[in-house]
Amino acid sequence: MVVMDLNADLGESFGRWTLGDDERLVSHLSSANLACGFHAGDFRVMEATVALCRRAGVAVGAQPGYPDLLGFGRRPMPFEPDEVESLVRYQIGALDAFCRAHGVEMQHVKPHGALYNQAATDPALAAAIARAVGRFSRDLLLFGLASSEAMVSAATDAGLRFVPEAFADRAYLPDGRLQPRGASGAVISDPAAAAARAVEIAAGGAVTASDGTRVAIRAESICCHGDTPGAVEIAAAVRRALEGAGVTVAAPSAG
């Protein structure tokens, strides 16, 4: 039996500005990555999103990012590794406070945006993130790009279980990295195409890269971005396709 987590980024609204349809999206997920106020979200949004996930029975994870609300955390920032360790720990602690208040146990940590992509190829940055998580709780899972040797090594060194992640709504380069968002076709907004990609990953253990080559991907979680146009329809199509292919959709276990 193939088991696959289906996650998305939630809680990315800010003040009176709303991003995504979390109320509808959450019903299709098994786990969610919650913005922690640095790249998106605020204290009221964080509280409401933890409560939403609890009602939906969806596992909660922290999604720490760079302090860049204007750039939505998708612009690299020149922080030193020790600074990254502190900013990640700060954000985990903030979300954990809301989780405790609502009787929710935080399941995982997944870096956001530029921090995620940089850590995938930067061992020092990956190690800083893993240290921040491990020193907070070694019971937390660490999500990262499935092809990232840096994140795998960092998680191992910190005594964490690494959850390799793939993306249904993003194009891949031949080396297993995500195609930069600025490139044509980098974001997949067609629900059928995203669903086919998810099944390709879950059942076939591979993905077709932007140049047509096949890239092996061993993933335990598949992400659909909450801010992608038609995110609810994409996630719904992905879940239907996975279950139709005999894949059980469930949050990853700690063991």
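**Contacts, pocket and surface of a predicted model**

Glu85 is buried, with a relative accessible area of 7%, where buried means under 20% relative accessible area, exposed over 50% and partly exposed in between, with a 1.4 Å probe and protein chains only. The structure is a predicted model, in which local features need pLDDT of at least 70 and side-chain atom pairs count only at pLDDT 80 or more, while totals for chains, interfaces and linings use all residues. Residues are numbered from 1 along each chain as its sequence is written, and side-chain values use heavy atoms, with hydrogens and water left out.

Which residues meet Glu85 in salt bridges? The side chain of Arg131 does so at 3.0 Å, N to O, and Arg135 forms a salt bridge with Glu85 in which the closest N and O atoms are 2.9 Å apart; the term stands for a side-chain nitrogen of Lys or Arg within 4 Å of a carboxyl oxygen of Asp or Glu. Arg135 lies in helix H5 and Glu85 in helix H3, so this pair ties together parts of the chain that are 50 residues apart in sequence. Arg135 is exposed, with a relative accessible area of 61%, whereas Arg131, at 29% relative accessibility, counts as partly exposed. Salt bridges that share partners join Glu85, Arg89, Arg131 and Arg135 into one network. The helices named here and below (H or I, at least four residues) and the strands (E, at least two) are DSSP runs, numbered from the N terminus.

By the same rule, the count for the model comes to 16 salt bridges. One of them joins the side chains of Arg55 and Glu23, at 4.0 Å from N to O. Arg55 lies in helix H2 and Glu23 in helix H1 (residues 22-25), so the pair ties together parts that are 32 residues apart in sequence. Both Arg55 and Glu23 are exposed.

Aromatic contacts come next. A pair of aromatic rings is described by the distance of the centres and the angle of the planes. Rings of Phe, Tyr and Trp (its six-membered ring) pair if their centres lie within 6.5 Å, and planes under 30 degrees apart count as stacked, over 60 as edge-to-face and the rest as tilted. By this rule the count comes to three aromatic pairs. Phe38 and Tyr90 have ring centres 5.5 Å apart and planes at 45°, so the pair is tilted. Because Phe38 lies in the loop between strand E2 (31-35) and helix H2 (43-56), and Tyr90 in helix H3 (residues 81-101), the pair ties together parts that are 52 residues apart in sequence. Phe38 is buried, with a relative accessible area of 19%, whereas Tyr90 is exposed, at 57%. Tyr66 and Phe79 form an aromatic pair that is stacked, with 5.8 Å from centre to centre and 15° between the planes. Tyr66 lies in the loop between strand E3 (59-63) and H3, as does Phe79, and the two are 13 residues apart. Tyr66 is buried, with a relative accessible area of 1%, and Phe79 counts as partly exposed at 28% relative accessibility.

The loop between E3 and H3 also holds Phe72, whose phi is near 55°, a positive value in a residue other than glycine. Most residues other than glycine have a negative phi. At 12% relative accessibility, Phe72 counts as buried. Leu69 lies in the loop between E3 and H3 and, at 42% relative accessibility, counts as partly exposed. Together with Phe14 and Trp17, Leu69 makes a nonpolar surface patch of about 310 Å². Patches are made of residues with over 30% relative accessible area and no salt bridge, like charges being joined within 9 Å and nonpolar side chains (Val, Leu, Ile, Met, Phe, Trp, Tyr) within 5 Å; the accessible areas come from the Shrake-Rupley method with a 1.4 Å probe, and for residues only the protein chains shown count as cover.

The largest pocket has a volume of about 430 Å³. A pocket is an open set of points on a 1 Å grid over the protein atoms alone, where a 1.4 Å probe fits, with protein on both sides within 12 Å along at least five of seven lines, and lining residues have an atom within 4 Å of a point. Grid points are joined across faces, edges and corners, and the volume is the space filled by probe spheres set on the points. The lining consists of 23 residues, of which Gly113, Tyr116, Asn117, Arg170 and Leu178 lie nearest the centre of the pocket. Helix H4 (residues 113-119) gives the most to this lining, with five residues.
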